[in-house]
Amino acid sequence: MDIKIVKTTTPKEHPESSALGFGKFFTDHMFVMDYSREKGWYDARIVPFGNVELHPASTVLHYGSEIFEGLKAYRRADGTVQMFRPIENIRRMNRSAERLCLPQIDEDVAMEILKTFVAFEQDWTPSAPGTSLYLRPFMFGNDETLGVHAVHNARFMIIASPVGSYYKEGINPVKIMIEADDVRAVRGGTGYAKCGGNYAASNRAGERAEQQGYSQVLWLDGVERKYIEEVGAMNVMFKINGEIITPALTGSILPGITRMSCIEVLKKEGYNVSERLLSIDELEKAMEDGTLEEAWGCGTAAVVSPIGELRYKDKIFTVNNGEIGEVTQHLYDTLTGIQWGKIEDSFGWTCPLK
Ligand SMILES: *Cc1c(COP(=O)(O)O)cnc(C)c1O
């Protein structure tokens, strides 16, 4: 793979770690590569970070052909930088691409691109506790015509953003609203693909929940509005009567890499973990009779996010007295320990840049 490099002549100041937040600052460079049906992928390049020029008829602006990934690079105590299970993000991106008729990128090629780009920008990986370099690979359809058809021209890019600790003031359980009207995805649709359109369609419910003081919505399935799916941009897990339950991947749920990692950690340690259908009735009953012990969301940004309150229609339930539960805390400590290289990675999940 030949990657052309154009270095910036105006490098930026690195922000203070206390100012980072999420996705507000970007590194000096970005990766760009174009695709056409005739040529395949061509013109791979690392260029100064900057605006993208698009034809006004570009597919992505009209028909939403866009997919993305989200993963992080972490600075270890010894100063080196590592990623967490990047091959899983590459595989998921190709599955998303298949669903949206966007082109595939060979796994080895994608890994080489990611490592080369992150190594090039690695000085931007902050070192304060809880901080990391968030990586955002994305791909979009870029045909310069209004005709509707599968994509013939596309662009793949990676941008990187130093991000702050998700939990600056300690891990605070969040309040979640169970959404009874809007749905995020249906089987046969794009729920399992990480595509921008899924987010566009979920903003309305998210906005309504926020206005009522809730941080995210918990989605129910799109057909019967009966089965729990996931929260906002995270997968969801419950501990009911000793059983750890997460919704099965039925096609409308995003297969999270944090979800998969939580399941693997818990199974290895002998916990009783089920991937199955969980109905709102079963959850409501568990909340009423006190057998719901813990609930948490899981995703790359927060790792785990304990749920302290759940609202369904007019009923409000407090989970674990609004405190983080034992299993939630244990998953947080284990995954963040592996990600920042503080505990031994017995799974082989971490990936150095060389
Ligand atoms: C990205 C995402 C997740 C979490 O996936 P991770 O790989 O764990 O970060 C969950 N749900 C949705 C809708 C997502 O977009």
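**Notebook: charged pairs, a helix residue and the ligand**

I started with Lys285, which is exposed because its relative accessible area is 54%. My cut-offs are: buried under 20% relative accessible area, exposed over 50%, partly exposed in between, with a 1.4 Å probe and protein chains only.

The model is predicted, so I kept local features only at pLDDT of at least 70 and side-chain atom pairs only at pLDDT 80 or more, while totals for chains, interfaces and linings use all residues. Residues are numbered from 1 along each chain as its sequence is written, and side-chain values use heavy atoms, with hydrogens and water left out.

**Entry 1: salt bridges**

I looked up the partner of Lys285 and found Asp289, at 3.7 Å from N to O in a salt bridge. The term stands for a side-chain nitrogen of Lys or Arg within 4 Å of a carboxyl oxygen of Asp or Glu. Side chains of opposite charge can pair when their charged atoms come close. Asp289 has a relative accessible area of 43%, so I put it down as partly exposed. I also noted one network, in which salt bridges with shared partners join Asp34, Asp43, Arg45 and Arg155.

How many salt bridges are there in the whole structure? My search found 19.

Next I took Glu88 and Arg91, whose closest N and O atoms are 3.7 Å apart in a salt bridge. Both are in helix H2 (residues 86–99), three residues apart, or about one turn of the helix. For helices I use DSSP runs of H or I with at least four residues, for strands runs of E with at least two, numbered from the N terminus. Glu88 counts as buried because its relative accessibility is 18%.

Glu243 is buried at 18%, and Arg276 is partly exposed at 22%.

**Entry 2: Val327**

I then looked up Val327, in helix H7 (residues 326–339). Is Val327 buried or exposed? Its relative accessibility is 4%, so I count it as buried. Apart from neighbours within four places in sequence, Val327 touches Lys239, Ile244, Leu266, Tyr271, Glu294 and Trp296; contact here means heavy atoms within 4.5 Å.

**Entry 3: the ligand**

I counted 15 residues around the ligand, the closest being Lys194, Tyr199, Glu230, Thr258 and Thr300; to count, a residue needs a heavy atom within 4 Å. The side chain of Arg92 comes to 2.8 Å, the backbone of Ile257 to 2.8 Å, and the side chain of Thr300 to 2.6 Å. The ligand taken alone exposes 380 Å², and the protein buries 96% of this.

**Entry 4: the chain as a whole**

I noted seven helices and 18 strands in the protein chain. Of its 354 residues, 52% count as buried. The C-alpha trace spans about 60 × 50 × 35 Å along its principal axes. Of the contacts with a separation of 6 or more, 70% are between residues 24 or more positions apart.

Terms used. A polar contact is a pair of N or O atoms within 3.5 Å; within protein, one must be able to donate a hydrogen and the other to accept it, and residues adjacent in sequence count only if both atoms are side-chain atoms. Accessible areas come from the Shrake-Rupley method with a 1.4 Å probe; for residues, only the protein chains shown count as cover.
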